Amino acid sequence: MNRFWQSWRSKFNSKHPAVVVDGLCDVKYIADRFASVFQSVCVPNSEQRHQELATNFFRMYSPYVGNDFDVNEITPDYLHDCIGRLKKGKAPGFHDFTSEYIIYAHPLLALHLSHLFRMVLQYCVVPDGFCKGVVVLLVKNHDGNQCITDNYRGITISPAISKLFEIVLFNRQLSCNHALFTMKTIIEHYVSDGSTVNICALDINKAFDRVNHFALLKVADRKLPRAFIGVMLDWLSKSTVCVKWAGIFSFWFCNKAGVRQGGVLSPVLFAVFMDTLIERA
């Protein structure tokens, strides 16, 4: 049934964006309207609580050491393996730079990128280009009113090189293979005994966009290297986004809260953040 409707919509639904959204006709005004909506969401829930979390974080971060991390382990050979994990056919970021440019580039590129990534981890400063995300809009309900902003959801596209850098960090620090193995083992145990296993998934509205940055950086409790925490702190503080509508870009705005949409590390960091809340429950 799902395949039928996908085929139906691909042939009969108009792929052109709505001409009027929230009473606006000019594409630039529409793009800015969507940007204003997303900007209003990506802010801390409480400024007072935000300042408290910031104070507590820097008090913890000042003497923090964490586990050792040797940046020299990021070799061209290791980077070549990470490049193989990039997905093809994905939409390009702001500079129209796709993963294919990296995948099919000369092997010498891995050498230059390994130097760049080691410098980022050594100085805990992320290039500004890594911090730019482009939001593309998808219709929530094709049968609903496509002339209102509430019927759209945004997907942020991150630069391809920043995704590669996140893959490097993910493979070095945040591999979830053990968690997946544990979950699979538990399910197989009950299924082999003829039992039914039910998995409950919690849909938290706007949770990705509302997470406080300093609460998110409490992943330092996991004894991650100081370099990793420093990189994420700089990355989150400089994260900016714009909306693309009908080929036109909106104004740029800062993400003052929430995980980086479109980031490889974002789901893992959010899972660690939620794990802390579950432990307190």
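Start with helix H4, residues 76-83, whose buried residues are Tyr78, Leu79, Cys82 and Ile83. Buried means under 20% relative accessible area, exposed over 50%, and partly exposed in between, with a 1.4 Å probe and protein chains only. Viewed down the axis of H4, these buried residues fall within an arc of 145 degrees, so they line one face of the helix. The arc is that of the directions from the helix axis to the C-beta atoms. An α-helix has 3.6 residues a turn, so residues three or four places apart point the same way. On the other side of H4, Asp77, His80 and Asp81 are exposed.

This is a predicted model, in which local features need pLDDT of at least 70 and side-chain atom pairs count only at pLDDT 80 or more, while totals for chains, interfaces and linings use all residues. Residues are numbered from 1 along each chain as its sequence is written, and side-chain values use heavy atoms, with hydrogens and water left out.

Now the whole protein. It holds 12 helices and five strands. Helices (H or I, at least four residues) and strands (E, at least two) are DSSP runs, numbered from the N terminus. Of the 281 residues, 38% count as buried. Among contacts with a separation of 6 or more, 75% come from residues 24 or more positions apart. Contact means heavy atoms within 4.5 Å.

Back to H4 and its partner. H4 packs with helix H6 (residues 108-123) at an angle of about 100 degrees, with the axes 9 Å apart. Axes are lines fitted to C-alpha atoms, for helices over the stretch in contact, and angles run from 0 to 180 degrees between N-to-C directions. That makes H4 roughly perpendicular to H6; angles of 65 to 115 degrees count as such, under 35 as roughly parallel, over 145 as roughly antiparallel and the rest as oblique. Pro76, Leu79 and Ile83 of H4 meet Ala110, Leu111, Leu113, Ser114 and Phe117 of H6.

Another pair is H3 (residues 47-61) and H11 (residues 226-237). Their angle is about 150 degrees, and their axes lie 12 Å apart. H3 and H11 are therefore roughly antiparallel. Phe57, Phe58 and Tyr61 of H3 touch Arg226, Ile229, Gly230 and Leu233 of H11.

Last, a loop residue. Asn255 sits between strand S5 (253-254) and helix H12 (266-280). Asn255 counts as buried because its relative accessibility is 10%. Leaving out residues up to four places away in sequence, Asn255 touches Cys42, His213, Leu236, Ser239 and Val241.
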